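Dear colleague,

Please find the structure below for your records. My notes on what was found in it follow directly after.

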Amino acid sequence: MILSRQAIQERLLRGEVLKQQTWVNESIKEASYALRVAPDGLFLEGKRYRPGKDFVASNIEIKPGAIAILSTLERLNMPGDLVGKLGIRFDYASQGLTGLMGIQVDPFFGWGHENERLYIRVANLGNDPVTFPVGAEMFTFELHSVEGHVPVPSSPRVEMWLRLQDVLGDQTQLSWSYVTRVQRDLLAQGARLDEELESAKGEIRDYLQPLVMFGIFLVAVTILGVALSVIVTGRDIPEVYVPTWVTDWGWVLLLFTLCFATIATALMGGLTAWKLRKWH
């Protein structure tokens, strides 16, 4: 069963779920609580912001492909009969922000500590930076009832910040920039492929143009040869079958025209052959 607004408020007023003075009534939603982002206890762009000692400015930015660890303003004090479920709120999920964390907050989380908070790892999978102010309501925190008895821990767990330090202590690249590098490399490869494609198109054009011209030259020479053969043969055909101008003076004019066209075609063919030789 998921707790409603009224049930959540009753628990908070009793000092359960969240420590007193760390929650606000405005963040209680219909069936969840909206956890807010703290200005400290962060990992941003490879830099650590220690809880209570290092603080960011009024706004936080997570660049495309970047991964960060955020913490909550609220301090937790989970009772034994409730379990919490975490999620990214719609306004930020729609911008490409996604969670890289376990979604469950166990009963008795925060027990034995005054200032235990949640540390949530997120990634920006969108195309644009995600910018938000300190105190933004970023995480949905649903509260579910637990059936059966959950025993009280024999001793408090190690604080989450110290656990993070142990897990990440030997990592030299805390910016977790591998996703960003992959994205940048993919964009660079795409640009190189576009350049190679344009270059290949140019080479194909340079190769096909001389071939087309040479084909035109061959067709033109063939037509000229046939026409010349017809004219020469026409002089031996009786005049009754051929117009007078062809057998008289017209064939000279036609012959001159064909010769001129032949010379022009030969020049075009020579230019084509030169281009082919130059291309090879």
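Strand E6 (residues 67–71) and strand E11 (residues 119–124) pair in the antiparallel sense over 5 bridges. Strands here are DSSP runs of at least two residues, numbered from the N terminus, and two strands pair if DSSP finds at least two bridges between them. Within this pairing, Ile69 has Arg121 of E11 as its bridge partner.

This is a predicted model, in which local features need pLDDT of at least 70, side-chain atom pairs count only at pLDDT 80 or more, and totals for chains, interfaces and linings use all residues. Residues are numbered from 1 along each chain as its sequence is written, and side-chain values use heavy atoms, leaving out hydrogens and water.

Strand E6 is mostly covered, with 5 of its 5 residues buried (under 20% relative accessible area, 1.4 Å probe, protein chains only). Ile67, Ile69 and Ser71 lie on one side, Ala68 and Leu70 on the other.

Leu70 is also among the residues that touch the most other members of the largest nonpolar core, which has 45 residues; Met78 and Phe141 are others. Such a core is a set of buried Ala, Val, Leu, Ile, Met, Phe, Trp, Tyr and Cys residues joined through side-chain atoms within 4.5 Å.

Gly80 lies in the loop between strand E7 (76–77) and strand E8 (82–88), and is buried, with a relative accessible area of 17%. Leaving aside neighbours within four places in sequence, Gly80 is in contact (heavy atoms within 4.5 Å) with Pro107, Phe108 and Val150. The C-alpha atoms of Gly80 and Pro151 are separated by 7.4 Å, although these residues are 71 residues apart along the chain.

With kind regards

Note on methods
Buried means under 20% relative accessible area, exposed over 50%, partly exposed in between (1.4 Å probe, protein chains only). Helices (H or I, at least four residues) and strands (E, at least two) are DSSP runs, numbered from the N terminus.
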